[in-house]
Amino acid sequence: MARKQVNRNMTCCLKNFGGREMEIRTQRIELCKGKCEYCGAGGRLEMHHVFGGRMRKKLESLETVVMLCPDCHRGKNSFNVIKRLRIKVSAELIEKYGEDEARRRAGGKLYFEEESPKICEDMHEENEDFDDE
């Protein structure tokens, strides 16, 4: 397994990644400062495509992937973590591009707080301290 130094404090595993995917992964790790974008844990990170499906590789961009620790990505609460991230990223895309372009960039499906109000409320409470850092 190859390891690439992203900066002097962060390394990431770059096994089986093509040129474009490796570039997006490296840029995303730099943006999140080597920490899980959900819980803030350091260490090994895995790239998650927020909008899955058959077109996920075609839609892959810096805005549609997140870096997660293994627990958030595949742990017992990963279903809720991923739901919350879909809502958050959908809102960011809509704010930046408007709903039509955001929907195109997400492969046709956006996720809204109204669909899961309790999940969004919990996410906001859990991440208040993390956002302040």
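Me: Rings of Phe, Tyr and Trp (for Trp, its six-membered ring) pair if their centres lie within 6.5 Å; planes under 30 degrees apart count as stacked, over 60 as edge-to-face and the rest as tilted. This is a predicted model, in which local features need pLDDT of at least 70 and side-chain atom pairs count only at pLDDT 80 or more, while totals for chains, interfaces and linings use all residues. Residues are numbered from 1 along each chain as its sequence is written, and side-chain values use heavy atoms, with hydrogens and water left out. How many aromatic pairs does the structure hold?

Reply: The structure holds one aromatic pair. The ring centres of Phe 51 and Tyr 111 are 6.2 Å apart and the planes meet at 20°, so the pair is stacked. The count of aromatic pairs is therefore one.

Me: How many residues apart in sequence are the parts that this pair ties together?

Reply: Helices (H or I, at least four residues) and strands (E, at least two) are DSSP runs, numbered from the N terminus. Phe 51 lies in the loop between strand 3 and helix 2 (56-59), and Tyr 111 in the loop between helix 5 (99-105) and helix 6 (117-132). The pair therefore ties together parts whose separation in sequence, in residues, is 60.

Me: Is Phe 51 buried or exposed?

Reply: Buried means under 20% relative accessible area, exposed over 50%, and partly exposed in between (1.4 Å probe, protein chains only). Tyr 111, with a relative accessible area of 22%, is partly exposed. Phe 51 has 5% relative accessibility and therefore counts as buried.

Me: In what order do the elements of the protein run from the N terminus on?

Reply: The protein has six helices and four strands. From the N terminus on, their order is β-β-α-β-α-β-α-α-α-α.

Me: What is the bridge partner of Met 47 in strand 4?

Reply: Two strands pair if DSSP finds at least two bridges between them. Strand 3 (residues 46-49) and strand 4 (residues 65-68) pair in the antiparallel sense over four bridges. Both faces of strand 3 are covered, with Glu 46 and His 48 buried on one side and Met 47 and His 49 buried on the other. In strand 4, the residue bridged to Met 47 is Met 67.

Me: Which residues have the most contacts inside the largest nonpolar core?

Reply: A nonpolar core is a set of buried Ala, Val, Leu, Ile, Met, Phe, Trp, Tyr and Cys residues joined through side-chain atoms within 4.5 Å. The largest one has 22 residues. Helix 1, strand 4 and helix 4 (78-97) are the elements that give two or more residues to this core. Those with the most contacts inside the core are Cys 36, Tyr 38, Leu 68 and Cys 72.

Me: Which residues does Leu 68 touch, not counting residues up to four places away in sequence?

Reply: Contact means heavy atoms within 4.5 Å. With residues up to four places away in sequence left out, Leu 68 touches Cys 36, Tyr 38, Arg 44, Leu 45, Glu 46, His 48, His 73 and Leu 85.

Me: How far is the sulfur of Cys 69 from the closest cysteine sulfur?

Reply: A disulfide is a pair of cysteine sulfur atoms within 2.5 Å, and by this rule the count comes to zero. Cys 69 is buried at 7% relative accessibility, and Cys 72 is buried with a relative accessible area of 7%. The closest cysteine sulfur to that of Cys 69 is in Cys 72, too far for a bond, at 3.6 Å.

Me: Which residues of helix 4 are buried?

Reply: In the protein as a whole, buried residues make up 40% of the 133 residues. Those of helix 4 are Ser 78, Val 81, Ile 82, Arg 84, Leu 85, Ile 87, Val 89, Ser 90 and Leu 93.
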